[in-house]
Amino acid sequence: MAPVVPLAFLALMALPAPGFGVAFAGCDYPAHLWCSSREIADACQAESCCANLLHPVAAPVELSLYYESLCPACRRFLVQELFTTWLLLPAEALSITLVPYGNAEERNVSGKWHFQCQHGPDECLGNMIETCLMYEAKNFSTYFPVIFCLESGSSVTKNLEACLQVYAPQLDGDRIAACVRGDTGAALMHRNAQLTEALDPPHQYVPWIVINGKHTDELQAQAEASLLGLICRLYQGEKPEACGGSGAPKALAGCRR
């Protein structure tokens, strides 16, 4: 299917130039084909209207963050690196998956999942709140600012209502609370456990950062030092305006198992 050309552009180009039967000398193609190839676009001087042809859309860089809600290094990375990078880059450049679980452990007691977390029961609750928030909100751009609010605030477990009021007032806090208390939340957290246990190589600490399906010490260090710079280097599409270089403070030590 030929690329779509704006109607206003077609109307303008349909007008013959003075003394000529066509808009441009050397352009023997109807306007609806001008973006069908680079050669035709050049011949018809239509480059400015064929951006998708001349600059194909690249796949976004995929980043998965395996973390714990109360891990200091996780909170720093999420707040100072991940959230700011997400704000600066367009959606087509960066796709993010959040998996709150980290170094937790699960056990099945009489058919129900129970969890024990590295930083205690409050961390298990924080992980569950953020997991249920993602489940209820569905849309990343809806729930990520709320998670940023929780992780950057005074209490991950007590500030949900306040953060919802500021960043996502359309979400129902009671539904999220019901998920946290019920079987749905436990099932979602079990899924986070499975995703975390399936990591290859197995995670040794959190935050554990996976880029385009890979984790290496080098990628981890680069992401923690300057995530924006790393994403800008890896993204294969036309570089966004924000990709002019960035710096960040040295990362805190991770929360090891």
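Predicted model: local features only at pLDDT ≥ 70, side-chain atom pairs only at ≥ 80, totals over all residues.

User: Which residue in strand 4 does Arg 107 stand opposite?

Analyst: Strands 3 and 4 run antiparallel, with five bridges joining them. In this pairing, the residue of strand 4 opposite Arg 107 is His 114.

User: Is Lys 138 buried or exposed?

Analyst: Look for Lys 138 in the loop between helix 5 and helix 6. Its phi is positive, about 70 degrees, although Lys 138 is not a glycine. Most residues other than glycine have a negative phi. Because the relative accessible area of Lys 138 is 59% and the cut-off is over 50%, Lys 138 counts as exposed.

User: And Asn 212, what is its relative accessible area?

Analyst: Asn 212 belongs to the loop between strand 6 and helix 10 (217-234). Here too a residue other than glycine has a positive phi, near 50 degrees. Asn 212 is partly exposed, and its relative accessible area is 42%.

User: How many residues of helix 6 are buried?

Analyst: Helix 6 covers residues 140-152 and reaches 18 Å from its first C-alpha to its last, close to the 18 Å expected at 1.5 Å a residue. Among its buried residues are Phe 140, Tyr 143, Phe 144 and Phe 148. The cover over the buried residues includes strand 1, helix 4, strand 2 (94-100), helix 5 (121-137) and helix 7 (160-167). Helix 6 is largely enclosed by the rest of the structure, because of its 13 residues the number buried is 11.

User: What is the centre-to-centre distance in the pair of Trp 86 and Phe 140?

Analyst: Trp 86 is in helix 4 and Phe 140 is in helix 6, 54 residues apart. Both Trp 86 and Phe 140 are buried. Their arrangement is edge-to-face, with 75 degrees between the planes and a centre-to-centre distance of 5.8 Å.

User: Which residues do ring pairs link into a cluster?

Analyst: The structure holds nine aromatic pairs. Ring pairs link into a cluster Phe 83, Trp 86, Phe 140, Tyr 143, Phe 144 and Phe 148.

User: How many residues are in the largest nonpolar core?

Analyst: Leu 63, Leu 65, Leu 82, Ile 96, Leu 98 and Phe 144 are the members that touch the most other members. Beyond its neighbours within four places in sequence, Leu 82 contacts residues including Leu 63, Leu 65, Phe 77 and Leu 227. Another core, of eight residues, lies apart and has Trp 34, Cys 35, Cys 44 and Ala 46 among its members. As for the largest core, its number of residues is 59.

User: How far apart are the C-alpha atoms of Phe 77 and Glu 224?

Analyst: Phe 77 is part of helix 4, and it counts as buried because its relative accessibility is 0%. Beyond its neighbours within four places in sequence, its contacts include Pro 207, Ile 209, Ala 223 and Glu 224. Although Phe 77 and Glu 224 are 147 residues apart along the chain, the separation of their C-alpha atoms is 6.7 Å.

User: Which residue's side chain is joined to that of Glu 68 by a polar contact?

Analyst: Glu 68 has its place in the loop between strand 1 (61-67) and helix 4 (72-88). Because its relative accessibility is 0%, Glu 68 counts as buried. At 3.3 Å, the partner of Glu 68 in this side-chain contact is His 119.

User: What is omega for the cis peptide bond between Val 206 and Pro 207?

Analyst: Most peptide bonds are trans. A cis bond joins Asp 200 and Pro 201, with omega about 5 degrees. Pro 207 is in the loop between strand 5 and strand 6 (208-211), and for its cis bond with Val 206 omega is about 0 degrees.

Definitions and conventions
Residues numbered from 1 in each chain as written. Heavy atoms only, no water. Helix = DSSP H or I, 4+ residues; strand = E, 2+ residues; numbered from the N terminus. Buried < 20%, exposed > 50% of the residue type's maximum accessible area, 1.4 Å probe, protein only. Polar contact = N/O pair within 3.5 Å; in protein donor to acceptor, adjacent residues only side chain to side chain. Core = buried A, V, L, I, M, F, W, Y, C linked by side-chain atoms within 4.5 Å. Contact = heavy atoms within 4.5 Å. Pairing = 2+ DSSP bridges. Expected span 1.5 Å × (residues − 1). Phe/Tyr/Trp six-rings, centres within 6.5 Å; stacked < 30°, edge-to-face > 60°.
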